[in-house]
Amino acid sequence: MRILVVEDEPKTAAYLQKGLGENGFVVDVARDGEDGLHCARQLPYDLIVLDVMLPRRDGWSVLAELRRTDKSTPILFLTARDAVEERVKGLDLGADDYLVKPFAFSELLARIRTLLRRGKHEHGDVLRVADLEIHVASHKALRDGKRLELAPKEFLLLLLLVQRSGEVVSRTVIAEQVWDMNFESDSNVVDVAVRRLRRKMDDPFPRKLVHTVRGVGYILEARE
């Protein structure tokens with residue numbers, strides 16, 4: 001899952017990026033409100049962690065602008081502004097939660113997981129393409145009712161392809177979303193991972209779901 005952290009204090013931003021990354025999230029950081037708003041509009045984030053006191057555009061304005069077009073992405077305010085009226089203002093503007101600095105990372109992580117679970121219950125936890133099932137919360141994948149034994153990165157790769165089934169997903173996007181890295185043309189990490197995934201979820205079955213689009217990337221779809 002991908003999280004956007006909008007935080008201008010370098011140590012806090014680095015701490016959040018490291019801690020959330022160690023807990024399995026891909027984390028992007030924006031250092032001011034304008035960049036945060038731009039990032040949030042460019043990629044479909046699963047959750048946004050937003051400070052209030054930001055350069056160029058404050059968190060109140062970022063939230064209000066996002067909620068004009070995006071009602072569903074969970075947004076958690078993480079800020080030193082601790083007055084009751086400010087908490088109320090944040091929630092009234094459309095924030096899903098409000099946590100005051102200084103904070104315990106374990107509490108932040110618990111609140112993030114709660115918001116993500118809530119979102120999954122609203123949008124459905126099980127994704128299906130043909131005889132393939134992905135159970136998002138439990139990180140479980142089944143093909144024709146049989147459980148697939150996937151490594152964590154293989155599951156994230158498969159989840160990305162399923163979420164974008166019917167679309168060609170480029171190697172660059174796969175590298176960014178699954179490994180949080182910039183794809184280099186001489187790197188074969190994506191192709192190797194796709195081969196391993198195919199051996200587990202395609203080779204044992206007559207119907208193939210993962211297809212190569214030469215020079216571009218991969219597409220997951222049920223073809224006749």
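Student: Which residue in S4 does Val49 stand opposite?
Tutor: Val49 stands opposite Leu76 in S4. Strands are DSSP E runs of at least two residues, helices are H or I runs of at least four, and both are numbered from the N terminus.

Student: What kind of model is this?
Tutor: This is a predicted model, where local features need pLDDT of at least 70 and side-chain atom pairs count only at pLDDT 80 or more, while totals for chains, interfaces and linings use all residues. Residues are numbered from 1 along each chain as its sequence is written, and side-chain values use heavy atoms, with hydrogens and water left out.

Student: Back to S4. How many bridges join S3 to S4?
Tutor: Three, and the two strands run parallel. Strands count as paired if DSSP finds at least two bridges between them.

Student: How does the chain get from S3 to S4?
Tutor: It passes through helix H3, residues 59-69, in a right-handed β-α-β crossover. Right-handed means that, with the strands pointing away from the viewer, the path from the first strand over the helix to the second runs clockwise.

Student: And what pairs with S4 over four bridges?
Tutor: Strand S5, residues 97-100, in the parallel sense. Leu76 stands opposite Asp97 there. The chain crosses from S4 to S5 through helix H4, residues 84-93, and that β-α-β crossover is right-handed.

Student: Why is S4 described as largely enclosed?
Tutor: Five of the five residues of S4 (residues 75-79) are buried, so the rest of the structure largely encloses it. Buried means under 20% relative accessible area, exposed over 50%, and partly exposed in between, with a 1.4 Å probe and protein chains only.

Student: Which residues cover each face?
Tutor: Ile75, Phe77 and Thr79 lie on one side of S4, with Leu76 and Leu78 on the other, and all are buried.

Student: Let's move to S1. Are its residues buried or exposed?
Tutor: Five of the five residues in S1 (residues 2-6) are buried, so S1 is largely enclosed by the rest of the structure. Arg2, Leu4 and Val6 point one way, and Ile3 and Val5 point the other way.

Student: Which strands is S1 joined to?
Tutor: Five bridges join S1 to S2 (residues 26-30), running parallel. Four bridges join S1 to S3 (residues 47-50), also parallel. Leu4 stands opposite Asp28 in S2. Val5 has Val49 as its bridge partner in S3.

Student: What do S1, H1 and S2 make?
Tutor: A right-handed β-α-β unit, with H1 spanning residues 10-22.

Student: What is Thr12 in contact with, leaving aside its neighbours within four places in sequence?
Tutor: Glu7 and Lys101. Contact means heavy atoms within 4.5 Å.

Student: New topic: the four-strand open sheet. What order does it have?
Tutor: S6-S7-S8-S9, with antiparallel pairing. The edge strands, S6 (126-129) and S9 (146-147), each pair on one side only. Four bridges join S7 to S8 (residues 140-143). Ile134 has Ala141 as its bridge partner in S8.

Student: Which residues touch the most other members of the largest nonpolar core?
Tutor: Leu132, Ile134, Leu158 and Leu220, out of 29 residues in that core. Such a core is a set of buried Ala, Val, Leu, Ile, Met, Phe, Trp, Tyr and Cys residues joined through side-chain atoms within 4.5 Å.

Student: Which elements give two or more residues to this core?
Tutor: S7 (132-135), H6 (152-163), H7 (171-179), H8 (189-201) and S12 (217-220). H6 gives the most, with eight residues. A second, separate core of 19 residues includes Ala40, Ile48, Leu50 and Val52.

Student: Now the whole chain. How many helices and strands are there?
Tutor: Eight helices and twelve strands. Buried residues make up 44% of the 224 residues.
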